[in-house]
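My notes follow in the order I took them.

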There are 2 protein chains.
Amino acid sequence: MEEKEMYEKEYEEREELTEERILEMLEERRFKELKEELENNMYPVDLADLMEDFNQKQLVMVFRLLAKEEAAETFTYMDSDLREMLINGLTDSELEEVMEEMYLDDTVDVLEEMPANVVDRLLMATDEEKRQQINQLLQYPEDSAGSVMNVEYIALRREMTVAESILKIRQVGLNKETIYTCYVTEKRKLIGVVDVKELLTTSESKTIEEIMDTNMLYAHTTDDQEDVANIITKYGLIALPIVDHEMCMVGIVTVDDAMEVLQEETTEDISIMAGVSPNDESYFGTTVLEHVKSRLPWLLFLMLSATVTQMIMNHYESALAVMPQLAGFIPMLMGTGGNCGSQSSTLMIRGLAVGEIEFGDLFKVIFKEVRVAVLISLILSTVNGIRILIMGQGDILVALTIGMTMACTIILAKIVGCTLPLVAKKVGLDPAIMATPLISTLVDISTVTVYFAIVSAVFKI
Amino acid sequence: MEEKEMYEKEYEEREELTEERILEMLEERRFKELKEELENNMYPVDLADLMEDFNQKQLVMVFRLLAKEEAAETFTYMDSDLREMLINGLTDSELEEVMEEMYLDDTVDVLEEMPANVVDRLLMATDEEKRQQINQLLQYPEDSAGSVMNVEYIALRREMTVAESILKIRQVGLNKETIYTCYVTEKRKLIGVVDVKELLTTSESKTIEEIMDTNMLYAHTTDDQEDVANIITKYGLIALPIVDHEMCMVGIVTVDDAMEVLQEETTEDISIMAGVSPNDESYFGTTVLEHVKSRLPWLLFLMLSATVTQMIMNHYESALAVMPQLAGFIPMLMGTGGNCGSQSSTLMIRGLAVGEIEFGDLFKVIFKEVRVAVLISLILSTVNGIRILIMGQGDILVALTIGMTMACTIILAKIVGCTLPLVAKKVGLDPAIMATPLISTLVDISTVTVYFAIVSAVFKI
């Protein structure tokens with residue numbers, strides 16, 4: 001406790017640059033002080049967050065106080081509305097500076113989110129060479145390695161010495177996002193990689209050829225960005241080289257981009273799994289109407305699908321009229337089935353996402369799930385049967401009927417739950433669609449079908 | 001298509017070192033060839049995977065062919081059973097070599113998973129200094145920054161020149177996991193950080209004090225590992241310094257560890273959200289019995305909770321006997337409510353995990369969710385009312401009753417769905433518990449309560 005208090009005190013003592021303080025300093029025209037504070041006390045990603053509710057004038061004033069690199073970095077972290085407002089407030093030459101300082105992959109991200117007129121203005125503020133590179137990057141399919149890669153990296157030749165390589169890094173390194181892995185190319189083809197750690201810890205007279213690793217990992221421009229991010233995670237890399245179909249080096253994906261990709265893809269998966277169409281904005285950055293739009297389609301579809309369950313139940317109206325207590329068991333049966341199914345489908349969806357499970361494992365998975373289902377259904381049916389008898393909700397016949405239904409439901413739910421995500425992946429759909437909402441609805445339908453079939457057979461109604 | 005074929009051909013041409021080929025080469029005692037292939041053609045993480053089904057003799061034979069560093073790295077990637085088998089097959093001096101080569105944080109991970117007798121043997125194979133460091137690391141709470149940090153990093157002093165610093169990296173860098181960020185300390189206190197990029201791209205005669213960044217990010221040993229990983233992602237860092245409560249530098253958390261932490265935490269969250277108790281093993285690494293054990297508790301709890309729904313329905317048995325078609329609407333009402341609730345709770349759980357939403361946002365969130373719920377319930381109730389009339393499942397009174405119930409359910413479900421995860425976080429529970437399974441059960445109970453209250457009022461039964 002005491003320790004905790006100490007931390008808190010420490011945090012308090014550190015002067016925080018809040019939204020209010022910035023606005024106050026702007027108001028009182030204490031620009032020099034603000035400029036210093038921004039330099040020493042603020043990270044671009046936090047500043048972009050802080051300025052969310054600024055008006056154009058405030059935004060432009062703060063932006064002009066920033067050093068060139070900080071300005072460009074802050075710009076990349078802004079959300080698209082804020083960015084548009086800022087662009088409209090900047091002069092052409094200021095815009096040129098920003099475009100010059102930004103890394104190419106960030107520039108492409110920005111351009112993809114801007115309306116056409118703003119894109120035109122931004123491209124006008126870019127020099128010819130960079131514009132060509134941008135156009136090339138814009139052509140890679142969405143979510144491909146090409147679309148997230150950075151084209152600025154350090155290329156070495158095999159005959160260079162370690163000393164020459166370090167000199168080259170000294171000369172060109174400042175403008176590269178990462179210098180920590182260098183790539184050895186020959187006629188543009190990737191032939192090896194060298195870590196800067198290697199360069200710094202071996203004799204300066206050695207050649208690159210002697211120390212380069214030729215068994216290097218790489219990915220293709222058309223590979224899925226999630227696969228690329230998974231490779232970077234698995235092998236603990238700082239960057240992964242991206243090559244075209246002729247093994248020519250075209251760029252790198254860095255570990256910070258990979259982390260962003262993984263976080264985005266996970267958020268997307270989790271949203272889809274809950275029946276929410278994913279969007280790139282944050283929760284608070286999404287308006288009420290947009291929230292409705294992203295949640296409504298699945299709800300509508302699932303509500304209408306539930307009609308099937310209803311029609312089956314209506315078909316057995318007479319049975320329900322005779323034994324109305326039978327209806328009371330339905331929510332429990334459906335709930336248990338749905339939960340069993342979603343356990344299996346969730347484990348599959350996650351296993352597919354991290355690359356542990358693939359379609360080829362289908363039968364192995366089904367075999368495992370069936371054994372799990374049999375054990376679980378034995379235990380749940382027994383517990384539930386005892387409960388029914390103790391609570392006097394029915395006789396032994398009712399307990400057996402419910403038990404049999406439950407066992408069938410659980411086994412079916414587990415099979416459906418583990419099969420659908422794998423099949424979805426196989427046919428090119430997103431496995432995350434096959435999550436709880438859809439699985440529950442399918443399980444609901446099979447549960448009532450099985451239930452009334454067994455009820456009719458046992459009670460002859 | 002053509003491009004794709006080209007890739008595939010390329011992949012085929014590259015000789016793959018498979019499990020079968022390794023076993024074959026062992027069998028035929030082609031050790032030299034295997035040793036070369038392992039050196040040039042295999043990553044430790046993949047090798048650990050390949051050897052999963054090896055017996056002890058095969059395992060030890062392959063292990064002895066590896067270079068020291070590769071051996072240690074492969075060792076850290078093995079699962080605990082395989083590792084134990086290997087340890088029992090190695091001599092004390094071989095074990096000493098492995099323990100010497102492993103990074104400290106990996107050593108600690110290994111020790112935490114091993115049974116006591118193996119731990120004793122491993123610690124005996126460790127020198128005194130390292131053993132003390134290990135003991136200290138083992139004392140940090142599970143999931144804290146201290147438990148995942150690495151204590152080997154490069155420390156510089158403020159009066160050193162850039163040239164001296166590079167020389168120091170040259171001397172001590174080889175044994176450090178990352179050299180790319182160096183830490184400036186004074187009497188062990190962290191006073192600044194310097195990127196190697198900075199060192200390599202400024203004049204060699206400058207001092208560290210001139211180029212160091214004193215506005216550095218850091219975390220405390222007791223901070224949650226997920227928070228630390230989120231900081232590393234947010235600011236795109238390669239490593240984050242970890243300090244004790246006196247600002248003394250004790251270690252670093254590197255980006256690859258952060259990615260692992262995030263992936264583990266996400267898998268854990270997703271499992272809990274589906275009502276599966278998380279474990280550290282993979283899907284296939286978990287036995288059928290363990291799967292049952294991790295899935296059963298929630299299923300049992302939820303099944304028994306569903307009894308409440310059943311008791312409420314039984315209470316209205318007479319109403320159901322009079323109008324049995326009323327039962328048919330229940331699955332649809334519950335399903336829609338459950339889906340609405342889980343949409344909200346999932347968005348909250350994810351927002352909390354990535355640090356976008358916090359408890360203080362509760363009222364802001366509720367206000368947003370209620371507006372979303374009102375719009376959604378208007379649309380769904382209308383569509384459903386029209387459907388009831390068209391399909392002849394009831395008159396306008398039935399349509400209104402169902403519509404009203406649906407609206408109440410949706411609004412309630414969204415409020416419950418967004419509130420519970422935030423409250424869970426506040427009281428120190430894992431918000432992921434408040435996901436679909438539990439929310440559905442709660443929503444089921446409120447749905448039938450509301451439904452029969454409205455039905456009784458409207459139809460006077």
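**Salt bridges and the interface**

I started with one ion pair: B:Arg295 makes a salt bridge to A:Glu369, with 2.8 Å between the closest N and O atoms. I kept in mind that this is a predicted model.

Next I asked which element gives the largest share of the side of chain B that touches chain A. Helix H18 of chain B, residues 288-315, does, with 18 residues. I then sorted that side of chain B by residue class: 69 are nonpolar, 36 polar and 23 charged.

I went on to the totals. Six salt bridges cross the interface of chain B and chain A. I also noted 45 residue pairs in polar contact between chain B and chain A, both residues at pLDDT 80 or more. For contacts in general, I found 128 residues of chain B against 128 residues of chain A.

How much area do chain B and chain A bury between them? I wrote down about 11700 Å², with 65% of it on carbon and sulfur atoms.

**A sheet in chain A**

I turned to an open sheet of three strands in chain A. The order is S1-S2-S3, and the pairing is mixed. Strand S1 (155-156) and strand S3 (189-195) of chain A are the edge strands, each pairing on one side only.

I then checked how strand S2 of chain A, residues 181-186, is joined to S3(A). Six bridges link them, and the two run antiparallel. I picked out one residue, A:Thr185, and its bridge partner in S3(A) is A:Leu190.

Methods
Residues are numbered from 1 along each chain as its sequence is written. Chains are lettered from A and ligands numbered from 1 in the order in which they are written. This is a predicted model: local features need pLDDT of at least 70, side-chain atom pairs count only at pLDDT 80 or more; totals for chains, interfaces and linings use all residues. Side-chain values use heavy atoms; hydrogens and water are left out. Two strands pair if DSSP finds at least two bridges between them. Helices (H or I, at least four residues) and strands (E, at least two) are DSSP runs, numbered from the N terminus. Contact means heavy atoms within 4.5 Å. Buried area is the accessible area (1.4 Å probe) that two parts lose on being put together, summed over both. A salt bridge is a side-chain nitrogen of Lys or Arg within 4 Å of a carboxyl oxygen of Asp or Glu. A polar contact is a pair of N or O atoms within 3.5 Å; within protein, one must be able to donate a hydrogen and the other to accept it, and residues adjacent in sequence count only if both atoms are side-chain atoms. Ala, Val, Leu, Ile, Met, Phe, Trp, Tyr, Cys and Pro count as nonpolar, Asp, Glu, Lys and Arg as charged, and the others, Gly among them, as polar.
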